[in-house]
Structures are given as structure tokens and as C-alpha cells.
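Thank you all for making time this morning. Please have a look at the sequence and the structure on the screen, and then I will walk you through a few parts of it.

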Amino acid sequence: MSGRSLLEDVFTSVTLKRTLERDADAEAARHPYVVGRCAIAGDAALDLASEAAASAAPGWAAVPLERRMLLGHRFREELDRRRDEFIDMLITESHPAKLARWEHSSLLQIFSEESLGWYQRQMHTEFRHGDRRLIVRRQPDGVVAFNPPQNAPLPSAALGVLCLMSGNSLIMRAPRSIALSTMWLMREVVAPILDELGAPPGTLNALCANPKQTLDRWVASPLIDDIFYIGGSQEGLRFEQQCVANGKKAILELAGNDSVVVWSDADIPKAVEAITEAFYGSGQICMVPNGVLVHPAVADELLAELKEQVKRIRPGYPEEEDVLLSPVRRSERFFRLLDQALGQGGELVIGGRRTEVDGTPSDTGVFLQPTVVRVDGLARAREYDIVREETFFPLIPVVVAEPASDQELLSRFVDFTNSNLYGLRNSLWARSEDVIDTFVQQVTNGGLLKINDSHMGCVPYLPTHGGTGLTGGVFGEANYPMLKTSHLQGVSIARDVSPYEAVFGA
């Protein structure tokens, strides 16, 4: 169903969906709210996909790296050429148009000429050493099964192209509740490019199925090598244990609880611009900020500026220009977290209510107001669930540190950042080179550190995903899918070398 239908007439949307599930040929199929239809795969189709991928994997891996890299270049060309189609697909799935354009631009960075060149160098590097030709290369793992999330299936599924570029065959599961964009991307965009490149049939498989049924089957299948899992931390870490027990590599993209640190000399208006990214998509994007740590000398200035800038974050229909909030269907936890924070001594700065599509506060609205809570003191900050855990709502705590010397505060800010149980991204806003250098040298938490920049924005070369702690599991680090779904191998090719001299002459 179209995203707009869920704001206009939820009852009709649900009725249409149920009618079509009972009778695929019903008159309801011609209703304008119906924008796409997808078959649901059963066990037989899941097994067929695994068999096809396993059959194709050796042939695709044998294709030279230079040719496989053409997939990335062609994919970028198609993203560029089909920009409007891509954005319309996201709007249909309730992504605000402004955010849809950002998601599109992020993929252009991931598949930029600079990034593709860097990936290729990481995949294969050669050296000359005397009479030896030495190669350090990465070999594909085999069959990668990919489980994208419901909140952003299209841009997440696009990461599967990087797994293919490594030389793996791919099985993509479209989320059952929001399958349209994933199936469109795989069938209409990626598959034709693979045909152009002569990839064996079975290199790409796309299906829509129940998540537990699919994941259980993948874990049990001897044909699957890697499972790329995007989801919640607790479920993901349990899933990692199942994968390891069954001899599979689990590649985890789990929850984030990102921090923005604001120092006393920061450019406050620009820092607040980055902080308001917390409300984009109603906070239902893993790489937006989830908390702020601010120097006490500028706390009041920052909060005043934040109250002003929040006014531009508004709800609306997804195709409307400048809409940045998305509907939040289940908001019980939002109010539970907010009530808990206020009960513990937090101060409500702004927000805290439901709102209608036109921005009118309402107890029955499907949007949530951008909400800011002030928390005083580092010492007890992590006793607040809104500080300790990812909220996934338009709700952000601003932790104001206790007054102390700058030297002591800097040390405490670094410790607070590193002690975060999660570790996707961190940001710092400061002008002092000493403060910046200290953060760069000492912050070990997270897969990405941004300094005086957009927190959620993407740039060439650097990873867009991946992290430490509850974000990436025990093997967590910055995630480049091309490298994560391959493994290192060294090769030495010698001429006229005496093995005896090679051992004892050395």
C-alpha cells in the first residue's frame, strides 16, 4: 500500500491488504492505494534460491575482478539515470521526499569512482620482492544471504551489490511487510546489469519470505557461507551465536546509539544543524544522532538554538517538500521513555506530544513531535534509558556536563564516548586543534568519527555502516561489505628460487 494511504485511510488500506491476501484476483487489486504486489516464498523456493546461488558461486568468483568491478560502475550509472524512479519508490514506502533524495545521494557516494577505486585496491595489491611476485588479495566467501531492515530496505539492499562485486553469489530477502523497493532494485536494476556482464544464472536471487522461516533455513543450510543481518542488537547478537555454531560468518549491522559532542568553542548553529538530524525520519534511521554531550559553558546557548531549529522539522505527506518527520505507528515506548526521564529529573525542553499530519498537537496523531530532554551531569547520565539505549524515536537527550577544568572535562568526554555500549558513529564539534587531536587519537568507540560535519552524511572512501559493541558484535568494526564478505589470502609466485636457500639462506 502507498505510504500516503496509511495517513489518509488506514482502515481502507488494511481492508484492501487482507482482501488481496485471500483472493489475489479480487477487484481490490485495481485500487489506487495498491502500488505493488509480491509473491511470498515458501521452504521450496528458499531452498531453490540457496541451490541456485551455490551452483553459480564458483563461476562468478572466477570472473576477473576488473570485470566484476564494472557492476559497481554500471550500478551507479543506473542509480543516476533512474533517480526519479528510485525516489518515487522510497516515497511510496513512506520516506519523506527530502530524505529519499539524501538516501539516493548516499548510494552515489558509496559507489563513487573514488570509492570503487579504493575497494578495488583493497581487493588486490601486488609487490615485487627480488625474484618473487607477491600478491595480497581477498577471495569471495561464496554464498551471501542478505536480510535488510524494514525501516530502510532499498538503500540497505543496495549494499548487496558490493557483496556481488567481491565475487559472491547473493540471496536477498525482501522484508515481507515492505517488499516493493527491494524486489524492484534486485529485479529491475541489478539483474539486468549482471546479465550484461555474463554472470551465471543464480548469481542473484531475490525473494520475499517470513523472516524467522528464512533465517532458520539459512542457518541450517550447508550451502550458505555468510549471512548479512541488519536488525536490533539483542536479536542480532543471539543470531550471531547461531551462525558461529553452524560454521557461518555473521555480518552484523545492529542498533546505533550515536553521540554528538559539543565543545565550548564549537560553532553552535552548525552543531545544532547536525543535532537536528536526530529527528529526520522521526529518528527511525540507524545513523542519526541519539544523544548530545555538551560543555557546560555553552549548554544554554545550544539548547536555545536547538529550540529554534527544531521548528523546521515538520510532519506531512511523504511527497511534500521539506517534510522530515515520518509516521510512528507504535509510540508507547516513546512515552514510557520520556516519562521515565522526566521522573528521574530530566527537563523537557521542547516536544513530547503526538501530532497530526498538519502539525496540530493531538492525542491520536500518528506523528511525534521532535522532543529534547535536558539531563544534568555525566555521573548519572547513563542511568537514563534515553541516554543508555537507542530509542529509534524523534527523542534526544542533551547531557550537560558538570563544571570542571577543560583538561578534566576533555578526559571525561572521551571516557563517556568510549564507554557507550553501542558504537556506530560519533561526532565532535570543536575548533581547538588539541581537542580534535585528542578525540581522533583516543576515541576507539564506533566505526566512524565525524568532526565538524554532518553526522549522518556520507563521503567517499569512508565506511557508511559498521561499528563496535552492540552495534557490530564481537567482531565489530567499520563495515565495507566488499571486504566483509571476502577473506584475505597471500600469494607468492617465484622464479629460479632454491627452496633450501630460501629457508637457510635467509
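This is a predicted model: local features need pLDDT of at least 70, side-chain atom pairs count only at pLDDT 80 or more; totals for chains, interfaces and linings use all residues.

Which residues of α12 are buried? They are Ser233, Gly236, Phe239, Glu240 and Cys243, and, seen down the axis of α12, these buried residues fall within an arc of 120°, which means that they line one face of the helix. The face turned away from that buried side carries Gln241 and Ala245, which are exposed. Among the elements that cover the buried residues of α12 are α11 (211-220), β6 (226-230) and β7 (249-253). After α12 comes Gly247, which has a positive phi, near 75°.

Now let us turn to a sheet. Three strands form an open, antiparallel sheet in the order β1-β2-β19, and its edge strands, each pairing on one side only, are β1 (124-129) and β19 (486-494). From one strand to the next, the twist averages 20°. Between β1 and β2 (residues 132-140) there are six bridges, and Thr125 has Val136 in β2 as its bridge partner. Helix α7, residues 113-123, packs on this sheet, where it touches β1, β2 and β19, and its direction makes about 50° with that of β1.

Next, the nonpolar cores. The largest has 50 residues, and the members that touch the most others are Phe75, Phe111, Met165, Leu185 and Val190; helix α10 (residues 180-196) gives the most to this core, namely seven residues. If we leave aside neighbours within four places in sequence, the contacts of Phe111 include Phe75 and Met165, along with Gly72 and Arg76.

Finally, consider Ala430, which sits in the loop between β15 (425-429) and α18 (433-442). Is Ala430 buried or exposed? Its relative accessible area is 2%, and because buried means under 20%, Ala430 counts as buried. Not counting residues up to four places away in sequence, Ala430 touches several residues, among them Trp263, Asp265, Ala266 and Asn452.

Conventions
Residues are numbered from 1 along each chain as its sequence is written. Side-chain values use heavy atoms; hydrogens and water are left out. A nonpolar core is a set of buried Ala, Val, Leu, Ile, Met, Phe, Trp, Tyr and Cys residues joined through side-chain atoms within 4.5 Å. Buried means under 20% relative accessible area, exposed over 50%, partly exposed in between (1.4 Å probe, protein chains only). Helices (H or I, at least four residues) and strands (E, at least two) are DSSP runs, numbered from the N terminus. Contact means heavy atoms within 4.5 Å. Two strands pair if DSSP finds at least two bridges between them. Axes are lines fitted to C-alpha atoms, for helices over the stretch in contact, and angles run from 0 to 180 degrees between N-to-C directions. The arc is that of the directions from the helix axis to the C-beta atoms.
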